[in-house]
Amino acid sequence: MLSFRPLILMALYLAVVLMLALEGAAYTRNWSLMRLHEEGTDRLLGNISLLRSALDQYRYLPFVLTQSREVRGLLRSPGAESSEPVNRYLEQINLVSGSSALMVFDLDGLLRSSSNWRDQRMLLGGSQAEMEYFRQAIAGNEGRQFVHEGVPPRQALYMSAPIYDEQRLIGVAAMRVELDKLREQLPIDYPFIINDIDGERLFSVMMPDRLPEAKSESLSDGAKIQLLTLNGIVYLAQSVVLDDLDWRVSVLSDARIVQQQQRIAAGAIGGGGFALALLFLYLRESRQKKALQLDQARERALSQERQRDMISTAQVGLINVDRSGLIQFINPMAMQQFGVSLELMRNRTVEELLSGGSSELLRETLSNLGTDRFQPLTGAEMVGRRADGTLFPMMVSVRGMTDHPELGYLVTVIDISRRKRLEQALREANESLEHKVIERTRALEEAQAELVQAGKLAALGRMSASVVHELNQPLTALRTYLAICRRQLDNPEQQRENLRQLESLIDRMALITGQLKTFAYRKPEQVGPVPVAQSIDQVLAMFRGRFSEMQLQLDYTPPASGLHLSGDQARFEQVLINLIKNACDAMQPRPGPNRLILHVASDEQNVYLSVADNGPGIAEEHRAQLFEPFFTTKEVGSGLGLGLAIVQSIVRDLGGDILATNRAEGGACFELRLKRFDSSSAGEQQPTGNGQEVI
């Protein structure tokens, strides 16, 4: 009887082997994808670092061009025949730096010289005045802009710097590097792509024009990955956004190794035959890599010789140092700057060329040579020492030889003695200008003091003339009446009339001296409630006779009886008397109906009073002197010119202000603002003056 047990066991064994092979393949695939994801992350970060280093190594080039005598001479000369030497100079620098083009523009944005002068297709035809990198340089800043140009369109990076000649802006130096050029400098041998933030591709390596849709997958550790199939090959896609450049950098990692390891795991469980094939493939790839390395070594040797020749003809100081910071080569310009020879400086440190040792920044940069911590140094200002002991200011930059790291590092030295002299001259000119401004200010202050004194003397003269004239008339009349009294001693009735006249003259003289006293001193009066309506009524009663004589029409609406202002009633009434008297005097000689307008208003803090008339108004030439003491437009003998000065003084003592304007319908208007009396602080009245204080 045929036994089925061995077959069943064989079937079970094969099923277990198949299940283990499937589980092992799944575990291997998941593990391989996690490893590939980590490697891709490291590769992506490394690519970003290489990309930034490639961009930064061109930053110093526009500043190198700004220091060239030939470039400045070209911009000073309007003729085109002088551009060929500069073209050759830019061509040499361009070959050394590895940029796409070096250009010099005039202030109108027109190209004056270019490193690509041999290739007419590469020259810019129009003005660059509207380009952002050009406008930034014209403004005195370092410019930078990414430009989409050419047919077919290509993305290029422009960097620029202003060119000065004796503190005068004469042009712009610019450097252009195409992103395709950067791609050649990046040692990338796997799919790599850079898009802008809108998804437009800038450049790529080993990538087709269009990519298929990616599929998301989760690993056992929870990480999300993106897989896509391209030409039958599965790739792991990883990307990151560079915010400062608005770029999305992506790397595709070949996932075939995952499939290979998956098959290896499955084959190892089922048999080890596939391992031999994988070993064969590994040995084959190793041989190809070694052959490639030998070709690269020969190419580097040729490139090193070419770069040495270019460095020797450069117009800036260039020093080649190894990973230990020792000088291996120094070009003729650097020898001229420091007064040394290559034989003397070989295998010596760059720090020996500096005065008092290197700066902390340069010391740190040199100490990190040959390590991952190295960061390029750009535009550091230091002091160099020549072989004869003399010192000179210089600008130092240190960067790696990106195309050929085995050549070490390149130190760029630019002599900035001329720029420092110009800065010192500018500082001295500023100091001299400040000294002159101080002297001029002092002279103006002295002249102003003399003008104030002259104004005081003029006011004193006007006061003296007015007082003498005003007092002479009463004194003359006094003498006359006294003489009459002597002759009419026997006539008592006539004597009483003469005495009344004498008393009137004495009152007039007292009024004149009283005005002077009121103007000269502030009295120690107390702040209290002043009834506005009552004060106005009392003053208007004094003028009732004159109003009738002038046939004057009074336009006045009394305010509420409870309205009080803060001050003293006598001085407030004196303000009203002077303003109403001035208004009547202004309307006196005027034919036709006369009108006086009094208006009172108030809010929570202030009382507002306006006194207006329909007289001739205030002449424009008298506005500035209206409130000056002893200034009057009346005839001599009609007053001292103290009325408005006294009004302004009293209003200010009461904490208010006064404004004189002309009414649109004709006549003058004086507007007063005085503090309203606060009943809550009635018990805290304070004096308005400080004794007999002269104004």
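Let's start with a hairpin: strands S23 and S24 have 5 residues between them, and in the turn Gly666 has a positive phi of about 110°. (Strands here are DSSP runs of E, at least two residues, and helices are runs of H or I, at least four residues, numbered from the N terminus.) Keep in mind that this is a predicted model, where local features need pLDDT of at least 70, side-chain atom pairs count only at pLDDT 80 or more, and totals for chains, interfaces and linings use all residues. Residues are numbered from 1 along each chain as its sequence is written, and side-chain values use heavy atoms, leaving out hydrogens and water.

S23 (residues 657-662) pairs with S24 (residues 668-675) in the antiparallel sense over 6 bridges; two strands count as paired if DSSP finds at least two bridges between them. Thr661 has Cys669 in S24 as its bridge partner. Strands of a sheet pair through backbone hydrogen bonds, either parallel or antiparallel.

Now for an open sheet. Its 5 strands run in the order S2-S1-S5-S4-S3, with antiparallel pairing. At the edges sit S2 (111-114) and S3 (143-149), each pairing on one side only. S3 joins S4 (residues 154-165) through 7 antiparallel bridges, and Val147 stands opposite Ala156 in S4.

What lies across this part of the structure? Helix H3 (residues 69-76) lies across S1 (101-105), S2, S4 and S5 (168-178), running at about 80° to S4. Helix H4 (residues 83-97) packs on the sheet too, touching S1 and S2, and its direction makes about 50° with that of S2. Contact means heavy atoms within 4.5 Å, while angles run from 0 to 180 degrees between N-to-C directions, using axes fitted to C-alpha atoms, for helices over the stretch in contact.
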